[in-house]
Each structure stands twice: as structure tokens, then as C-alpha cells.
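Please look over the chain below before reading my notes. They go point by point.

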Amino acid sequence: MKEKAKKALKIALPLLLGGAILYWMYRGFDFERVRQVVLHEMDWTWMLLSFPFGIMAQALRGWRWRQTLEPVTGQPRKSVSVNAIFLSYAASLVVPRIGEFTRCGVLKRWEGISFSKALGTVVTERIVDMLLMLAIVGATLLLEMSTFGTFFQQTGTNISGILSGFTWAGWLVTAICLLAMGILLYILLRNLSIYNKVRTTVSDIWQGVMSLRHVHSLPLFSLMTVGIWLCYFLHYYLTFFCFDFTANLGIGCALVTFVVGSIAVIVPTPNGAGPWHFAVKTMLILYGVQDEQALYFVLIVHTVQTLLVIALGIYAWMRLSMIQRITLKT
């Protein structure tokens with residue numbers, strides 16, 4: 001009974017957190033106007049053009065993961081690796097962060113690959129992604145420093161002015177997001193301590209982490225890593241051209257909002273729902289987009305991209321059901 005309650009909380013709390021932030025942001029919002037924007041005012045051509053990049057980002061992640069697995073377990077089939085990624089993103093919509101375990105479970109079930117060894121390669125991937133993300137953040141800050149300076153100079157705004165203009169609700173949302181990140185970190189560390197009690201599992205995870213040293217082609221691994229994040233960015237950036245009020249903001253604004261949004265999804269809610277909306281909307285307003293228009297953008301873009309993740313997850317589930325399973329590898 002206690003285990004069931006814990007599982008229920010793991011599902012309910014992220015949903016409640018994301019739902020609470022979304023409710024605060026969209027309280028009193030005219031959703032009928034959103035329907036008008038979707039059907040008559042936005043350019044769907046650009047949205048459709050963004051889809052291949054969203055799909056390619058996940059496919060590249062599957063191919064890259066396959067490369068890191070090779071030194072440890074041998075390469076799984078491409079179709080299994082890619083569909084495991086598709087399914088993992090969809091699973092994370094139900095329980096945040098469960099996707100990392102889902103894809104390792106898919107490999108164990110369909111390829112007979114050790115769960116703990118696969119998990120070690122996932123840790124490796126996350127470390128690499130984090131380092132690249134830090135580089136992107138640094139480059140974005142340098143590129144957009146003049147933009148921020150010009151904005152503050154022309155408007156007479158300073159950091160203290162922005163902070164003083166933050167409403168109590170804004171501070172509350174920020175505090176909740178930080179608290180949620182802290183709780184997630186605690187859970188991850190606690191789970192890691194449980195893994196550390198099992199010597200074999202720790203050895204397998206470490207073996208997976210060190211797999212990067214023995215990948216067949218490090219340049220190819222690096223190229224795919226850059227390709228993943230470039231596709232993520234283009235998947236997001238092309239949506240700017242769907243709306244008149246974001247079409248002319250430029251690539252600098254897209255970079256800033258992309259980076260802020262990527263950081264916001266660390267907060268454990270389904271696909272970053274709530275924190276992502278709040279972060280991207282706030283930055284769009286900084287670039288001169290009206291509050292209501294910024295709300296249209298984040299709501300429509302996030303919803304459509306989430307539906308794409310769901311569609312890919314359904315496809316992966318159907319495709320995996322048709323793939324023959326392999327017995328456990330030692």
C-alpha cells in the first residue's frame with residue numbers, strides 16, 4: 001500500500017505543479033481567441049516544417065546512444081534504439097524523468113542488454129549534453145549581451161527594477177520551481193545511493209559511463225551531439241515564423257528563449273509544462289512581445305510539440321510490438 005502511494009505521488013505531484021503554474025498564467029485567459037489564432041492567424045507551414053527537425057533530434061539521439069552502447073554490450077538494432085528514444089519521451093509525459101529508465105527497459109526486453117549497463121551509457125550522454133548546453137548558454141550570453149544592454153539603456157530599466165516589478169505570484173512560481181528541482185536532485189541522489197549498495201550494478205553503471213572512451217568514432221559521436229541540439233533549436237526556432245509578433249525577433253531572441261526554456265524543463269513536470277511556459281513567456285516580453293501574444297506563443301507551440309512527442313511514442317509502441325525480441329546477453 002505504501003509503495004502504491006509513493007507511485008501515485010510521483011505521478012500526481014508533477015502534474016499538480018505544472019497544472020498550478022499553468023492555471024496561474026492562464027487564469028482569466030480568453031481561450032476562444034487562441035482558437036481564432038490557431039485556425040486563421042498563424043502560418044502552419046512553418047510549424048509543419050519544424051516537425052522533421054523534432055523527429056530527427058530524437059532519431060539522432062537513438063543513433064548516438066547505439067554508438068555508446070557498442071563498447072559495453074554490442075550495438076543494438078537501430079530500429080530498437082530509435083524507438084526506445086521515441087517511447088522514452090512519451091513516457092516522460094506521464095511521469096517526468098521516467099523516460100531514462102524506460103529506454104533502458106526497452107533495450108533489456110528487446111535486445112537482452114543489461115539494464116544497469118545501458119543506464120551507465122545514459123549517464124554518459126547526459127554529462128555530454130550538459131557540457132554542450134553550458135557552452136551554448138555561455139555563447140548566447142556573449143552574443144546577446146549588447147541586446148540586453150541596449151534594452152536596459154533605452155528603457156531605463158535595471159536589474160533591481162526588474163526584480164522589484166516581479167509580482168508575489170512570480171516569486172512564488174520561481175520558488176516552487178527551485179524547490180521542485182531540489183527535491184528531484186534529492187531523489188536522484190537517494191536512488192543512486194540505493195544503486196551503490198549493489199556492487200555489480202555500480203560496476204555495470206561505471207562501465208557504461210566509461211563507454212565514451214571506446215566509441216568507434218569520437219568525431220561521429222561529437223557530430224551527432226551537435227546535430228541533436230541543432231535540430232532541437234531549429235524545431236523551436238521555425239515556430240517563430242508561425243506568428244507575426246515573433247517572426248521578426250531574430251535568431252538572438254530565439255537562442256535566449258531556447259536556452260531559458262531548456263533550463264526550465266529541468267523542473268520535473270510533464271514535458272516542462274508550466275515552467276517552460278513561464279520562462280519563455282517572460283523572455284519574449286523582455287524582447288517586446290505583448291503579454292497576451294507571448295501567452296499565445298508558448299501555449300500553442302508547447303501543445304503542438306507535445307502532441308508530436310505523443311504521436312512518436314504511439315508509433316514506437318506499435319513498431320516495437322512487431323520487432324522480435326532477443327534473449328538476455330551476459
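1. In which helix is the place of isoleucine 127? Isoleucine 127 sits in helix α6, residues 115–155. Helices here are DSSP runs of H or I with at least four residues, and strands are runs of E with at least two, numbered from the N terminus.

2. A word on the basis. This is a predicted model: local features need pLDDT of at least 70, side-chain atom pairs count only at pLDDT 80 or more, and totals for chains, interfaces and linings use all residues. Residues are numbered from 1 along each chain as its sequence is written, and side-chain values use heavy atoms, leaving out hydrogens and water.

3. Isoleucine 127 counts as partly exposed because its relative accessibility is 40%. Buried means under 20% relative accessible area, exposed over 50%, partly exposed in between (1.4 Å probe, protein chains only).

4. Now threonine 225. It is found in helix α10, residues 218–237. Threonine 225 counts as buried, because its relative accessibility is 4%. Leaving aside residues up to four places away in sequence, threonine 225 touches Arg64, Val128, Asp129 and Leu132. Contact means heavy atoms within 4.5 Å.

5. On to the whole chain. It has 13 helices and zero strands. Of its 330 residues, 46% count as buried. Among contacts between residues at least 6 apart in sequence, 76% join residues at least 24 apart.

6. Last, the surface. The accessible surface of the chain comes to about 17600 Å². Carbon and sulfur atoms hold 69% of that surface. Areas come from the Shrake-Rupley method with a 1.4 Å probe; for residues, only the protein chains shown count as cover.
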